[in-house]
Amino acid sequence: MTATNPPTSLHYVMASRLTEVDGACRELRALLEAHGLTPVGFPVELATRECLCNAVVHGNRGRADARVTLALRIGRRWIRVEVADEGSGFPWRRASRMPPGIRRQSGRGLAICALYAARMAFSRSGNRITLWIAKRKGDRHARVCD
Amino acid sequence: MPEYVIERRQTQVCVTLGGDLTAAIVPGLQADLKGALGQGATDVEFDLAGATQLDSSGIGLLIAAANSARRLGGRLCVTRASADISQLLQSMRLASRLNVTGRADQEASRG
């Protein structure tokens, strides 16, 4: 009898609702657990949550008929997370990746992604974000190459 | 355990999370908390022992509650946060604003 390896990728399409985010994160957690990647479960899940919530709230702007797509791939050293929405994007070049002032209640989504991802990239319009997160905590500042 | 329990203890409102403090539960919790704060209650405690995740919406709720408590002359504290959550709040420069103590801190102080 041969043991089957767990899949190394996840493709998840969800309705554009915040209540759908937990379902996507459950799938993500199961995949990470199957690969023994629970130690980096917190940063991967949190950064993915931020991207999914941004896609629902700011990307699709509450359009009930729109979809959000999550594609995750486990590579040799990196976990690549890609989230796309059906909106028109945003001016990501001008968006701050620093945490806002301590009294500000919002505006931390990108700062959280930047905290945990070694690299962050956007599509030209900004309706697709890609993050590379290290499989080992100490690798965060290494060069992304796979 | 439900998603959260809100209890009044003299001048303190204690919110005990049964799970994660994330975008899906924030609107309901914010509305319930608004009703509980005031009327003599000035302090808020968020017990995060049951939470493994805290996203930016949850952080926004903690800051809103801290701002409200300060306006009433009280304070907010976050207790029994996991190491990951404590580190996140530290990185966001919010650990002292939100008076964060982690699970490890509390176990150490108990001896």
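Please keep in mind that the model is predicted.

Let us locate our residue. Is Asp85(A) buried or exposed? Asp85(A) is buried, and yet it has no salt bridge. The nearest side chain of opposite charge belongs to Arg63(A), 7.4 Å away. A salt bridge requires the nitrogen and the carboxyl oxygen to lie within 4 Å.

If we set aside neighbours within four places in sequence, Asp85(A) is in contact with Ala55(A), Gly59(A), Asn60(A), Arg67(A) and Asn127(A).

I turn now to the salt bridges. How many does the structure hold over all chains? There are eight. Asp65(A) is exposed, at 56% relative accessibility, while Arg63(A) is partly exposed, at 36%.

A second example joins Glu20(A) and Arg17(A), at 3.5 Å from N to O. Glu20(A) has a relative accessible area of 25% and is partly exposed; Arg17(A), at 42%, also counts as partly exposed.

In a further pair, the side chains of Glu82(A) and Arg80(A) meet at 3.3 Å, N to O. Here Arg80(A) is partly exposed, with a relative accessible area of 29%. Finally, Asp22(A), Arg29(A), Glu45(A) and Arg49(A) are joined into one network by salt bridges that share partners.

Note on methods: Residues numbered from 1 in each chain as written. Chains lettered and ligands numbered in written order. Predicted model: local features only at pLDDT ≥ 70, side-chain atom pairs only at ≥ 80, totals over all residues. Heavy atoms only, no water. Buried < 20%, exposed > 50% of the residue type's maximum accessible area, 1.4 Å probe, protein only. Lys, Arg positive; Asp, Glu negative; His and termini not counted. Contact = heavy atoms within 4.5 Å.
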